[in-house]
Amino acid sequence: MPRFSVIVPARGVQGFLRACLDSVLEQPFRDVELIAVDDCSADATGAIIDEYARRDPRLVALHLRRPSGAGPSRNAGAALAGGDHLLFLDGDDTLAPGALAAVDARLRACGEPDVLLWDHERMDVWERRRPSGDGAFLEAAGDAVFDAARRPAVLGVEPAAWNRAVRREHWTGRGLAFADGPYEDVPYAYGSLLTAGRIAALDRVCVTWRERRRGSATTTPGRHHFVAVERYEELFARLDGLLPGERDAGAERGGPEDDRLPLLTVLHARMTDRLLAILDDPDRIVPEDRAAFFRAASRCIRRHRPEGAPQPAALRSYRAYRSLHGAQDLRRELARELRDRGEAAARTAFRRYYGLRLHAPLDADLVLYGARGNRAVTGNPYAVDRKAREIAPQLHGVWAVHEDAVDAVPAGADHVTVGSRRYWDVLARATYLITDGDFPGAAGRPGQVCLQTHQGTPLKATGLDTHRYPGTPAGPGPGRVLEHADQWDYCLSANQHSSEIWERAYPSSYQTLATGFPRNDRYATATAADVRALRAALGVRPGATAVLYAPTHRGPADAAPPLDVARLAGALGPRFQLLVRAHPYSGPHRGAPDPRTAALQEEGTVLDVSGHPHIEDLCLAADALLCDFSSVLFDYAVLDRPIVVHTADWDAFRLTRGVYVDLLSGRPGDTPGVLAPDEAAVAGAFHSGRWDGPAAASLRAAFRERFCQYDDGLAAERVVRRVLLGEDDLLPLLPSGERRTAPSPRAAERALERQAGGARTLTGPGAVAG
């Protein structure tokens with residue numbers, strides 16, 4: 001049985017057919033059968049098919065006895081197909097190189113869904129290529145597997161035969177078929193999606209669709225285009241049997257009746273857009289037929305208008321239509337109005353669904369995780385998830401991420417898209433909610449356990465304290481802060497300082513757990529080999545002293561770091577290597593590499609590590625931390641490595657943002673190391689050796705004692721045992737004398753030398769005093 005059956009209906013395409021067949025048969029992926037259907041062509045189409053069948057046994061030639069059209073030709077080819085999945089390709093289109101391998105990989109990764117959608121490009125007669133309108137949806141869908149009820153926007157994908165693979169058992173089991181006559185793809189395109197229990201997407205152009213100037217039904221004017229209205233009338237007449245679709249075993253079954261509304265709204269919007277596009281196309285509707293087509297289309301649009309959807313006045317009559325709008329402007333307006341209404345209906349329906357699911361039994365083994373505004377898989381929730389997989393494998397962790405952050409989910413990790421149907425379901429049924437922020441729309445319920453891990457030890461004002469300071473970035477007001485805190489059952493603390501701040505800034509009835517921060521466990525468990533491997537992976541030069549520059553978030557308009565990175569790198573010289581890590585919330589790139597810093601990296605001046613998901617890895621690889629007022633300095637102190645603080649705008653920062661610790665006081669416990677106001681002072685601290693001198697070490701020791709109280713390498717295990725496994729007591733803290741700290745890069749290098757027999761003497765920048 002072949003993996004794929006590709007069905008190609010062919011009639012009057014002799015000039016394009018060879019390219020089409022070659023595009024399939026020359027794919028590196030060979031496990032395919034190609035069924036070419038000659039629809040009684042008067043040209044050499046049938047002969048070309050026979051020629052290819054003689055050359056390649058994978059091609060099956062089917063010659064119909066009478067002209068049937070594209071729909072029946074596809075149906076006839078599908079009846080012969082033996083592949084696991086059916087693909088349809090028109091005889092004048094081509095499959096992109098490598099498409100079958102990509103489709104195969106995606107299907108396997110998604111567990112063989114009923115339907116896999118992919119992107120296409122349009123090519124005109126001058127071979128100018130244009131992207132489809134489906135790219136945004138396919139990209140947003142990411143790795144998700146969903147159904148139409150959970151993601152109604154899927155009905156907005158081009159309703160075509162050639163932009164999807166359908167599982168053969170789905171084709172036969174649901175009685176899918178193409179219609180006889182023009183617009184034959186409408187019942188198949190929508191039926192395949194509405195009846196599918198599992199749909200996936202491939203954000204890749206797999207087909208080039210050729211625009212024909214003539215020779216096809218779509219480019220021939222006439223009243224046969226009125227059939228488009230009939231196709232949609234037939235589709236809406238069948239919807240009772242299609243909405244919501246049946247689910248395969250293991251998938252979610254349909255929800256409340258309100259699931260129909262967003263589906264109907266999106267479908268109605270798509271129909272409206274397509275019928276008005278046909279009306280506006282002079283190659284389809286001739287002037288004398290325009291009024292009649294308008295009346296037929298507008299009746300259909302009004303008849304199937306979902307509850308609450310807009311009904312523009314221009315559709316009341318053809319005269320009103322002509323006087324108020326051109327077809328193109330009206331089509332854009334309607335598409336926008338109906339799309340917005342569809343999105344609002346989807347949100348309302350899903351939240352109503354969430355309310356219903358709150359009455360369903362909790363899943364005792366289900367854990368929902370979220371981090372960094374649900375746009376990352378990192379931090380304390382990530383460390384808890386990893387430890388839970390180790391010591392509580394019966395638990396099932398699911399990550400909540402926004403559509404634009406699906407790529408952040410590691411391979412193999414389960415996830416839901418925030419706002420999707422499954423998101424509301426998991427949010428309602430999960431016994432455990434673990435986040436360093438919040439889950440949008442969460443209401444909480446009896447028996448549900450919510451753990452707030454926080455993103456770090458607070459230096460700047462947080463929670464209710466922020467309203468006192470004018471420079472605080474926009475965020476939830478005091479009412480929302482309290483609403484969020486009221487949902488917490490536990491919150492984590494790495495030190496007594498944090499415990500006190502949480503109680504004041506987030507007053508509620510939760511319990512603060514003195515566990516340490518789970519993400520900081522890595523600083524106790526990493527080995528010399530780990531440190532060396534991280535440095536090598538990041539591109540740190542052997543023997544160089546790596547300085548991690550990690551400034552804080554000052555506001556959305558700040559795209560450049562406060563220090564001049566190029567000037568600082570030059571002042572430090574070749575003995576040092578500067579690693580630049582933009583704050584995840586800073587600048588237009590939201591933590592992605594800044595183009596200016598990326599340019600410096602290409603020159604070899606710095607290493608831009610902004611895109612690295614885990615700050616812990618960067619800290620482990622660095623000999624020293626250069627920061628300003630970021631909470632990373634509290635975490636880095638766990639490593640007992642040097643810290644240099646850039647202080648240029650301290651006064652402005654504390655007055656506009658508010659601070660809990662006076663980093664510049666010079667008092668033990670407040671100041672973590674050397675203070676430097678500008679690039680010259682920073683470079684001077686490193687060249688003079690003060691960065692790692694006795695005075696800096698003394699300040700660092702006091703700072704560690706105050707702020708690293710609970711970080712002993714067992715934080716994640718404490719959280720899993722106490723919160724997820726329900727143990728009564730926390731694991732005790734290790735005495736300071738028994739705590740392990742990951743070796744510094746220089747110590748890791750010495751360990752390597754000892755393993756090699758101590759034959760080499762350490763020299764160069766890596767041997768700077770310390």
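1. Helix 4 covers residues 99-109; helices here are DSSP runs of H or I with at least four residues, numbered from the N terminus. Its buried residues are A99, L100, A102, V103, D104, R106 and L107, where buried means under 20% relative accessible area (1.4 Å probe, protein chains only). After helix 4 comes G111, with a positive phi near 75°.

2. This is a predicted model, in which local features need pLDDT of at least 70, side-chain atom pairs count only at pLDDT 80 or more, and totals for chains, interfaces and linings use all residues. Residues are numbered from 1 along each chain as its sequence is written, and side-chain values use heavy atoms, with hydrogens and water left out.

3. Helix 9 (residues 260-279) packs with helix 10 (residues 287-303) at an angle of about 180°, and their axes are 10 Å apart. Helix 9 is therefore roughly antiparallel to helix 10, a term for angles over 145 degrees. On the helix 9 side, the contact (heavy atoms within 4.5 Å) is made by H268, M271, T272, L275, I278 and L279. Helix 10 contributes R290, F293, F294, A297, C300 and I301.

4. R270 also lies in helix 9. Is R270 buried or exposed? R270 counts as buried because its relative accessibility is 15%.

5. Leaving aside neighbours within four places in sequence, R270 is in contact with L155, G156, V157, E158, P159 and Y190. Between R270 and V157 there are 113 residues in sequence, and the C-alpha to C-alpha distance is 8.9 Å. The side chains of R270 and E158 make a polar contact at 3.1 Å.

Conventions
Buried < 20%, exposed > 50% of the residue type's maximum accessible area, 1.4 Å probe, protein only. Helix = DSSP H or I, 4+ residues; strand = E, 2+ residues; numbered from the N terminus. Axes fitted to C-alpha atoms, helices over the stretch in contact; angles between N-to-C directions. Parallel < 35°, antiparallel > 145°, perpendicular 65-115°, else oblique. Polar contact = N/O pair within 3.5 Å; in protein donor to acceptor, adjacent residues only side chain to side chain.
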